[in-house]
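Biologist: Please take a close look at one part of this model, the charged side chains that pair up with each other. Tell me how they are linked and what surrounds them along the chain.

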Amino acid sequence: QVQLVESGGGLVQPGGSLTLSCAASGFTFENYAMNWYRQAPGQERDAVATISSVDDNTWYAESVKGRFAISRDNAKNTVYLQMNSLKPEDAAVYYCNVYVQRNYYWGQGTQVTVSS
């Protein structure tokens, strides 16, 4: 079965950096685009970044362009989200996501807190 396990969240000061990881299993990782979403309290879950399965093409939400970078390591079945210049408004639970065989799969999420 498809499993996604996020890690790397934590408390960081404004302007700081964090790298999130998502370890995937249960599907042929290299064949699928991978996504990061985030959800702040009382807010909808929003897409943050996507990396394709071909040529590693990427897409970013406007709010994180130039600060976040998504990457993948197909040998490790892992997708990463490098987050730099973090702002208080980046605080949220971050989720890894994949669409496999007509189903959306989500990890359990990892909390990112941005506070001084």
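Modeller: A salt bridge here is a side-chain nitrogen of Lys or Arg within 4 Å of a carboxyl oxygen of Asp or Glu. The model is predicted, so local features need pLDDT of at least 70 and side-chain atom pairs count only at pLDDT 80 or more, while totals for chains, interfaces and linings use all residues. Residues are numbered from 1 along each chain as its sequence is written, and side-chain values use heavy atoms, with hydrogens and water left out.

By the salt-bridge rule the count is three. Arg 38, Arg 67 and Asp 90 are linked in a network of such bridges. In one of its contacts, the side chain of Asp 90 meets that of Arg 38 at 2.9 Å, N to O. This pair links distant parts of the chain: Asp 90 sits in the loop between strand 8 (78-83) and strand 9, Arg 38 belongs to strand 4 (residues 34-39), and the two are 52 residues apart. Strands are DSSP runs of E with at least two residues, numbered from the N terminus.

Asp 90 also forms a salt bridge with Arg 67, at 2.7 Å, N to O. Here too distant parts of the chain are linked, since Arg 67 lies in the loop between strand 6 (58-60) and strand 7 (68-73), 23 residues from Asp 90. Both Asp 90 and Arg 38 are buried, and Arg 67 is buried as well. Buried means under 20% relative accessible area, exposed means over 50%, and partly exposed is in between (1.4 Å probe, protein chains only).

There is also a salt bridge between Lys 65 and Glu 62, with an N to O distance of 3.2 Å. Lys 65 is partly exposed at a relative accessible area of 46%, and Glu 62 is exposed at 63%.

Strand 9 brings in a covalent link. The structure holds one disulfide (a pair of cysteine sulfur atoms within 2.5 Å). It joins Cys 22 to Cys 96, with S to S at 2.2 Å. Cys 22 lies in strand 3 (residues 18-25) and Cys 96 in strand 9 (residues 92-100), so the pair ties together parts that are 74 residues apart in sequence. The torsion about the S-S bond is about -85 degrees, so this disulfide is left-handed. Cys 22 is buried at 0% relative accessibility, and Cys 96 is likewise buried, with a relative accessible area of 0%.

Key:
Helix = DSSP H or I, 4+ residues; strand = E, 2+ residues; numbered from the N terminus.
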